[in-house]
Amino acid sequence: MEFYAYSMLLILPLILYMSYHLTRTLAEKKPTTHGLKAHPLLGHLPAFVKNSHRFLDWSTELIAGSPEMRIGLWIPGMRSGIVTGNPADVEHILRTNFANYPKGQHAIGMLEDFLGHGLFNSDGEQWLWQRKNASYEFSKRSLRKFVVDVVQAEVANRLLPLLRRAAGDGVGGDAVVLDLQDVLQRFGFDTICMVAFGHDPRCLADGGVLEEAKSEFMHNFGEALDLVIGRFMDPIEVSWKIKKWLNIGTERRLKKAIADVHAFAMDIVRARRQSASVKDRDDVLSRFVASDEHSDEVLRDIVLSFLVAGRETTSSGLTWFFWLLSSRPDVVARIADEVRAVRKATGTRPGEPFGFDALREMHYLHAALTESMRLYPPVPTDPQSCAADDTLPDGTFVRAGWFVNYSAYAMGRLAAIWGEDCMEYRPERWLGDDGAFQPASPFRFTVFHAGPRMCLGKEMAYVQMKSIVANVIEELVVDVVKEVAGGGVPEHVFSISLRMKGGLPVKIRRNGESF
């Protein structure tokens, strides 16, 4: 009897919470979706559960079939809201009525124990002063040069030697198979750590040796990020809070990973604050430390936000890009021709690093990368929150408290935006008659966000991606293993970035060789 009473005492708060939210949800005006049935008590929960493993493709199908290019979702125990692929909605949310669509306390609260109130996880004045300071630093020529130097060193001393070793080991015997996604993630983490706080985790080792174990910091950071993002996909929103309170399951693992990440980051912050050479360093942390205006915790949160933004975005974009190239030798040939032309124009030889100006002249490569990210955006969807009742440009009502997400993944697949050939990989759609790259409106191509929250690292991302591709294609051939190349579109992992499930196994050979 006592055990029964104790059990009821434990689950009573959950019952009351769900009853309260169910009653309130049923009384409110709900978002609707063209072609999707909402059940009287369960709302869209059955469809959501059935399709949660393929949420991006499912929501894209619904958005493409909707005259408004958006869907509405309401699920008991979760917030109601909309997911849109409509450029007019995106412009309204991200620019016209920007102040009414913050990240919101709901999303910030889910990420707060990991990211604190850094640039990636803040609103209002807290976000604004960080944005202004970061924008000022990113506009400096010295930081741009530092980024280029870091990327060039990682390419020349680690990435290319690794790929050459793989190509060499494949001559006359069984070829070495690399997981290119893993290699690119290591590359990306090394470079963003160097740029963000001047720390080299050596996820890729000098001389082309691929360490069996990843950096412990990279492992802990990745685990923490994946687990905290999992909170957003839980059909019963309160369940992660209960697990956190009881310190069980994924929340127990998350607590340990966060503690390890925070301890590591704080050690670097405190050491940098005590460093006599901080004014002579170019990384982002040193620039903020030099101002002597922020606490250690604030500096830690700022650095972690930059790591989130840069950890997997470029590696995700490049993984899908190299997979696309595996079936498009014509695109590879045009990139190679452009690289040779830039070499000739700049008077540099193969193997030498490409400078910032040389990379800017690679218009076709820029178009090829942009077209790849249109179809496979590194950050597939971005969440906002509606602060006060609002009306979208077509008159659709949005209630205060609803989530409002835009889906870059869906937008890249809409014929209404890109034409009937929207599913075709065609870099030429980004080039003018003179062969120069022609950018699209950021409210159509939302890969780098838009409006006041436009991605500060956009230029850095292109520098990194173009440096890798130009150097690799100039010297090597990347062959995706046949099981992946001929097996249709690889599955993706839906997280903060669009990772390829199971990685991208490839074989490397030198130009002119064949397996």
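A crossing of two helices is called right-handed if the near helix is turned clockwise from the far one by less than a right angle. Keep that in mind for the second view of this predicted model.

**View 1. The whole chain, to get your bearings.** Welcome to a protein chain with 21 helices and 11 strands. Of its 515 residues, 52% count as buried. Among contacts in the chain with a separation of 6 or more, 73% join residues 24 or more positions apart. The accessible surface comes to about 23000 Å², and carbon and sulfur atoms hold 56% of that area.

**View 2. Helix α8 meets helix α14.** Here α8 (residues 180–197) packs against α14 (residues 313–325), with the two axes 9 Å apart and an angle of about 150° between them. Angles over 145 degrees count as roughly antiparallel, so that is how α8 and α14 lie to each other. The crossing of α8 with α14 is right-handed. Look for L180, Q181, L184 and Q185 on α8, which make the contact with S315, L318, T319 and F322 on α14. Four of these contact residues are nonpolar, four are polar and none is charged.

**View 3. Helix α15 meets helix α20.** Now find α15 (residues 329–346) and α20 (residues 458–475), whose axes are 9 Å apart and form an angle of about 100°. The two helices are therefore roughly perpendicular to each other. On α15, the contact is made by V332, I335, A336, V339 and R343, and on α20 by V469, A470, N471, I473 and E474. By class, this contact has seven nonpolar residues, one polar and two charged.

Key. Residues numbered from 1 in each chain as written. Predicted model: local features only at pLDDT ≥ 70, side-chain atom pairs only at ≥ 80, totals over all residues. Heavy atoms only, no water. Helix = DSSP H or I, 4+ residues; strand = E, 2+ residues; numbered from the N terminus. Buried < 20%, exposed > 50% of the residue type's maximum accessible area, 1.4 Å probe, protein only. Contact = heavy atoms within 4.5 Å. Areas by Shrake-Rupley, 256 points an atom, 1.4 Å probe, with all protein chains shown as cover. Axes fitted to C-alpha atoms, helices over the stretch in contact; angles between N-to-C directions. Parallel < 35°, antiparallel > 145°, perpendicular 65-115°, else oblique. Nonpolar A, V, L, I, M, F, W, Y, C, P; charged D, E, K, R; others polar.
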